[in-house]
Amino acid sequence: MYKSFISKFLLITLIFHSVISCGGSGESSTPPATINQAPLSSAGEDQEVFEHVQVTLSGSGSDSDGSISKYEWKQVSGTEVELSGLETKNSTFTAPQVEDTITLSFQLTVTDNEGKSSKDAVDVVVKNNTSPIASAQGTIFLKSGEMAELRANSSNDLESTLLKYEWSQIDNSNLIIELSEPNLEVITFNVPHVDVATIITFELMVIDEGGLYDSEKISVAISPQISEKLNDTGVLLCGSTGANNNESCESELGENGENIPDGQDADFGRDNHSNFDLDGHAGFSFTKVSEKGTPLPVESTEWTCVLDNVTGLMWEVKSSDGGLRDKFNTYSFYDPMYSGVNKGTKNGGTCTGNSCDTSSFVSEVNEVGLCGHNDWRLPTRMELISIVDYSSGQSELTIDTNFFPNTQIFSFETLTSSYISATRYPKDISWIFYVSYENGFSGSGYFHSGYYSRLVRTVSE
Ligand SMILES: [Ca+2]
Ligand SMILES: [Ca+2]
Ligand SMILES: [Ca+2]
Ligand SMILES: [Ca+2]
């Protein structure tokens, strides 16, 4: 009994021993069964975004001893958003509209092929955004051949430091400007050649980092390359030795067979070599200007000032609204800079302003900031004469009424046909020169009389 017990014990011990020693010897005797390692999960970097933008949560997972079988995104806090791609590496959503900065938290769970998982969290801070304000600036009166520059750098945005710009031409002038880099903050282009003054318009679009945008238009006037500083007369016809003044200069002989001598007015000047009527009769080249100072296309039906592209003078256009600049208003000459009787006469005209004299009229127009400027003044006699078109004196006004409407002739209400200048008559300094566009005549008259007035300012010398 005892023996047999011992034998059985030995046998069991031996069997047990041999089972253990099968796998090898010493410490390497651990069983081979693997313990699955958990995968690694990354929900990406925390982000700061503006409201309304598309946000991508960039997840990733890795597993040292297997593969990733599942991604699972969920939102854990903050204003609820609609996540798409919930079970993909990357999930996206649209940042909600916010009043103040908020934080959204998300969690990515990554599961491996054996069912083990790990989690990682990410925060997305959503900030309020307001629209940028676009501001397009640049020289708006340009000449053919110059380099033009348009600037967006006065545009601003409360939240973004990096604004995007998009410049595009939006007029229908048929004058196409190739913008080589329309996304720069400052763009430049060569001003193309034009025969007649042409207006082109650009639109600047400013886009902030949150995708909000604003736009502003800027119109620029392109005038022909003009070497003259003085206007021509508008006279396109020649005279013959038979005293016929309406002969074609092209002909050798006039209507009655008489000689047409060379070297007449119509043979010289801008009327001869730049005879385009679209921007003013014959050699005249005018650009219409809006009340705010923006150049306007020639077909515009409302304009307030006219730029003379030849002389560089900007002229007031008279109104017919019964207001400050009404066409019927008349003014006496008055200039407080002089002393005694040389000051002229205060409030001697008939007008709708405060005081119907030239000094008061100039002040009031400058106060208004006519066409965006406050350096308006009374023109000199020669400046008034510069816009006389002598070609049309018989039947029409001697001024291009396509650009200068409301120009007046003599009427019994106003008792004048004349526009007053700032030039005094040298023989008697209590007299002042005037110009009539009824016939182009310039003469001088008393300070105290009432005259029409058309103000002027110098744009370029
Ligand atoms: Ca694993
Ligand atoms: Ca903004
Ligand atoms: Ca001429
Ligand atoms: Ca012209």
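The largest nonpolar core of this predicted model has 65 residues. A nonpolar core is a set of buried Ala, Val, Leu, Ile, Met, Phe, Trp, Tyr and Cys residues joined through C-beta atoms within 7 Å. Buried means that 20 or more other C-beta atoms, placed from the backbone, lie within 10 Å of a residue's own. Leu 204, Ile 222, Cys 305, Val 306, Tyr 419 and Ile 420 have the most contacts inside this core. Strand β14 (residues 198-207) gives the largest share, seven residues. Strands are DSSP runs (E, at least two residues), numbered from the N terminus. Domain 2 (137-223) and domain 3 (309-461) each supply at least three residues to this core. Their bounds come from an automatic or database domain assignment.

A second, separate core has 13 residues, among them Ala 95, Val 110, Val 124 and Val 126.

| Core | Residues in core |
|---|---|
| Largest nonpolar core | 65 residues |
| Second, separate core | 13 residues |

Strand β14 also belongs to an open sheet of four strands, in the order β10-β15-β14-β12, with mixed pairing. Two strands pair if DSSP finds at least two bridges between them. β10 (141-143) and β12 (164-169) stand at the edges with a single partner strand each, so one side of each has no neighbour in the sheet. β12 pairs with β14 in the antiparallel sense over six bridges. Gln 169 has Phe 202 in β14 as its bridge partner.

Residues are numbered from 1 along each chain as its sequence is written, and chains are lettered from A and ligands numbered from 1 in the order in which they are written. In this predicted model, local features need pLDDT of at least 70 and side-chain atom pairs count only at pLDDT 80 or more, while totals for chains, interfaces and linings use all residues.

Technical notes:
Buried ≥ 20, exposed ≤ 12 C-beta atoms within 10 Å, placed from the backbone.
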